[in-house]
Amino acid sequence: MRILDATYLKSAPRAADWPPAAGRHELAFCGRSNVGKSSLLNALLGRGSLARVSQTPGRTRLINFFSARYSSSGGSRGELLCADLPGFGYAEVGRSERQLWRGMIEEYFTDRQALSAVVLLFDARRLEDGEQRASTLLFDELELANYLQSLGRPVIPVVTKSDKLSKNERKPAAAVLTRLLRIEPVILSAHSGEGMDDLWKRIFRILQPRPVQVRGSSAASESPLPPPAVDPATR
Ligand SMILES: Nc1nc2c(ncn2[C@@H]2O[C@H](COP(=O)(O)OP(=O)(O)OP(=O)(O)O)[C@@H](O)[C@H]2O)c(=O)[nH]1
Ligand SMILES: [Mg+2]
């Protein structure tokens, strides 16, 4: 899997501002504020500072869209879109802003036709102390996973910041999440690069790659292609 180029497209709050998908699949990166969504996106696309990473939680307030052209290990080329979603659970955010977040995210999850998979991030350290503790600490994430599944959106759970756990702690942490979600997560670290290939494999099990759009061709930019197919087996 090789990323040929990756570009920031725009930041958009509502459907009217979303970039046209033009037949491309879209991946969304979603999770608690500061969990590492933007870092994962950068690591996955191999571009250090494409999405803004911050020490300050709640930095990403809008939906940030990116496009990437890739060449798969089999040699086929394609283009996909990525959406870096604003994080939830940031204590400093007031009620009205939280409602804004909810409206923006619900609209995105229900209406974005191109959305083919949601990469949902879980902080490895919240899984360290067993199932019961994790079910409390990760209540919001687990609710969100249920909500996405009720919409028929395929979820790829990711245990991130794995570098914060010892090697012996990683599998048990992932097993806790598997029991809670009944989906096996990918264990990864945006810092060490662990798990990136596994994540790409999971992504491509869901996406059916599309041929590259020819930039500037009227066929690519004007004809609305059918929405990306979703493999029911992966839901
Ligand atoms: N150790 C470690 N730190 C990470 C990893 N991924 C992200 N971080 C750090 O976590 C902090 C937040 O990272 P971001 O990528 O900005 O997180 P985010 O989820 O996009 O945050 P918001 O946009 O504010 O919701 C930064 O200090 C990152 O360097 C990781 O895999 N390992
Ligand atoms: Mg971010």
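Author: pLDDT is the predictor's confidence in each residue, from 0 to 100. This model is predicted. The protein averages a pLDDT of 85, and 84% of the residues score at least 70.

Reader: Over which residues does pLDDT stay under 50?

Author: Residues 216–235. The model still has 21 contacts beyond four places in sequence for this stretch. A contact here needs C-beta atoms within 7 Å.

Reader: What is the pattern along the sequence?

Author: β-β-α-β-β-α-β-α-α-β-α-β-α-α. The protein has seven helices and seven strands. Of contacts between residues at least 6 apart in sequence, 75% join residues at least 24 apart.

Reader: What is the order of the strands in the open sheet?

Author: S1-S3-S4-S2-S5-S6-S7, with mixed pairing.

Reader: Why do S1 and S7 stand at the edges?

Author: Strand S1 (2–12) and strand S7 (186–187) each have a single partner strand, so one side of each is left without a neighbour in the sheet.

Reader: What makes S1 and S3 a pair?

Author: Two strands pair if DSSP finds at least two bridges between them. S1 and S3 have nine, in the antiparallel sense. Ile3 stands opposite Tyr70 in S3.

Reader: How many bridges join S3 to S4?

Author: Eight, and the strands run antiparallel. Ser71 has Arg77 in S4 as its bridge partner. S3 and S4 form a hairpin, with five residues between them. Gly75, in the turn, has a positive phi of about 100°.

Reader: Why is S3 called largely enclosed?

Author: Seven of the nine residues of strand S3 (residues 63–71) are buried, so the rest of the structure largely encloses this strand.

Reader: How do you know that S2 is largely enclosed?

Author: Six of its six residues are buried, so S2 is largely enclosed by the rest of the structure. His25, Leu27 and Phe29 point one way from S2; Glu26, Ala28 and Cys30 point the other way.

Reader: Which way do S2 and S4 run, parallel or antiparallel?

Author: Strand S2 (residues 25–30) and strand S4 (residues 77–84) run parallel, joined by five bridges. Ala28 has Ala83 in S4 as its bridge partner. Five bridges also join S2 to S5, and these strands run parallel. Glu26 stands opposite Leu81 in S4 and opposite Leu115 in S5.

Reader: Which helix lies across S5 and S6?

Author: Helix H4 (residues 139–150) lies across S5 and strand S6 (155–160), and runs at about 165° to S5. Helix H5 (residues 167–181) also packs on the sheet. H5 touches S5, S6 and S7, and its direction makes about 150° with that of S6.

Reader: What makes H1 mostly covered?

Author: Nine of the nine residues of helix H1 (residues 37–45) are buried. Among them are Lys37, Ser38, Asn42 and Leu45. Just after H1, Gly46 takes a positive phi of about 65°.

Reader: Why is Lys161 called buried?

Author: The cut-off is 20 or more other C-beta atoms within 10 Å. Lys161 has 21, so Lys161 is buried. Its place is in the loop between S6 and H5.

Reader: What about Arg182: buried or exposed?

Author: Exposed. The cut-off for that class is 12 or fewer. Arg182 has 9 other C-beta atoms within 10 Å, so Arg182 is exposed. Arg182 is found in the loop between H5 and S7. The phi of Arg182 is near 60°, again positive in a residue other than glycine.

Reader: Which residues have the most contacts inside the largest nonpolar core?

Author: Ala28, Cys82, Val119, Leu120, Val158 and Val159. That core has 57 residues. Strand S5 (residues 115–123) gives the most to this core, with seven residues.

Reader: What is Val159 in contact with, leaving aside neighbours within four places in sequence?

Author: Phe122, Ala124, Leu127, Ala173, Ala174, Leu177, Pro185 and Ile187.

Reader: And what share of the protein counts as buried?

Author: Of the 235 residues, 40%.

Note on methods
Residues numbered from 1 in each chain as written. Chains lettered and ligands numbered in written order. Predicted model: local features only at pLDDT ≥ 70, side-chain atom pairs only at ≥ 80, totals over all residues. Core = buried A, V, L, I, M, F, W, Y, C linked by C-beta atoms within 7 Å. Helix = DSSP H or I, 4+ residues; strand = E, 2+ residues; numbered from the N terminus. Contact = placed C-beta atoms within 7 Å. Axes fitted to C-alpha atoms, helices over the stretch in contact; angles between N-to-C directions.
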